[in-house]
Amino acid sequence: MLKSKKPLIAGNWKMNKNLEEISKFVDVFLKSGVENNKKDVLICPSYLHIEFLIKKLKPYGVKIGAQNCHFREKGPFTGEVSAPMFKEIGVDYVMVGHSECRTLRNESNENINLKLLNVLKNTMHVVLCVGETLEERKNFRALDIILNQIMIGLNNVKNFDEVFIAYEPVWAIGSGKLPDLEDIKNIMKNIRDFVRKKYGIRAADEIGILYGGSVDSCNSSKILSIKNVDGLLVGSASLNIKEFIKIIKS
Ligand code: PGA
């Protein structure tokens, strides 16, 4: 399952939208014709709504993803869902290491690595989210933190064609604050260089790097034009169908 080389626009809906709202979203989305755009579109709804969206949008080429998964394949883990369970119902992508999961669920880089390996083993694409807090940035530790998250997160990965890294500064998520474009450019270059040095030219070429954190229709095309940006991970703005369509068209 090779990754397409089109830019990826991913919507992370978090714990938002009920079935009625999702149905309306789907109607407007399909009427807009945006699924034929020159970008890949990924939507990550709540676990409960994954099958509904797979039925409605997957036939039109839209990828449907999960926002997290457990690091084991099965067992006594009440309330959890595993990678093979997602695969079985037709999920294409799984996000791991989102900052909200790292914080609220106390997830370690080592656990996130196990999740990532599980997703790849079950032949889905994985989006590894990384990013520094404001305090880490103020202490000039941003790059160290990000590269450490990537180093541990990608441990034992052999094939990078199904792997995306999403750089999301924690302080930019849901805050309306965007790093300077030069900053994004610099971090993206450092991520690509790190993958090249550690895993080789082919890995650096195959891996996709996304930017996330306060992306909207006003800044999306500027961010997409930055070198080494292969797509966007969009939170709040992906909930609004008009905004999301504008971002996909940007
Ligand atoms: P935001 O969220 O676009 O609302 O900042 C991004 C994310 O959490 O993935």
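Tutor: Happy to! Asparagine 228 sits in the loop between helix H10 (220-224) and strand S8 (231-234). Keep in mind that this is a predicted model.

Student: What is phi of asparagine 228 near?

Tutor: Phi there is near 75°, a positive value in a residue other than glycine. For context, most residues other than glycine have a negative phi.

Student: Okay, and what about threonine 123, what is its phi near?

Tutor: Threonine 123 has a phi near 50°, again positive in a residue other than glycine. Threonine 123 lies in the loop between H5 and S5.

Student: How much relative accessible area does threonine 123 have?

Tutor: Its relative accessible area is 43%, so threonine 123 is partly exposed; that class lies between the 20% and 50% cut-offs.

Student: Switching topic: where is isoleucine 184, and is it buried or exposed?

Tutor: Isoleucine 184 is in helix H8. Isoleucine 184 counts as buried because its relative accessibility is 0%.

Student: Which residues is isoleucine 184 in contact with, leaving aside neighbours within four places in sequence?

Tutor: Those contacts are Pro179, Tyr211 and Ile226. Isoleucine 226 is 42 residues away from isoleucine 184 in sequence, yet the two C-alpha atoms are 8.0 Å apart in space.

Student: Nice. Now helix H7, how many residues does it have and how far does it reach?

Tutor: Helix H7 covers residues 142-153, which is 12 residues, and spans 16 Å from its first C-alpha to its last. That is close to the 16 Å expected at 1.5 Å a residue.

Student: Which residues of H7 are buried?

Tutor: They are Ala142, Ile145, Ile146, Leu147, Gln149, Ile150, Ile152 and Gly153.

Student: And what covers the buried residues of H7?

Tutor: The cover includes helices H4 (99-104), H5 (109-121), H6 (134-138) and H8 (181-199), along with strands S5 (125-130) and S6 (163-167). H8 is also where isoleucine 184 is found.

Student: Zooming out, how many helices and strands does the chain have?

Tutor: There are 11 helices and 8 strands in the chain.

Student: Last one: how far apart are the mean positions of the positive and negative charges?

Tutor: For the 37 positive and 29 negative charges, the mean positions are 3 Å apart.

Notes
Residues are numbered from 1 along each chain as its sequence is written. This is a predicted model: local features need pLDDT of at least 70, side-chain atom pairs count only at pLDDT 80 or more; totals for chains, interfaces and linings use all residues. Side-chain values use heavy atoms; hydrogens and water are left out. Helices (H or I, at least four residues) and strands (E, at least two) are DSSP runs, numbered from the N terminus. Lys and Arg count as positive and Asp and Glu as negative; His and the chain ends are not counted. The place of a charge is taken as NZ of Lys, CZ of Arg, CG of Asp or CD of Glu. The expected span of a helix is 1.5 Å times one less than its number of residues. Buried means under 20% relative accessible area, exposed over 50%, partly exposed in between (1.4 Å probe, protein chains only). Contact means heavy atoms within 4.5 Å.
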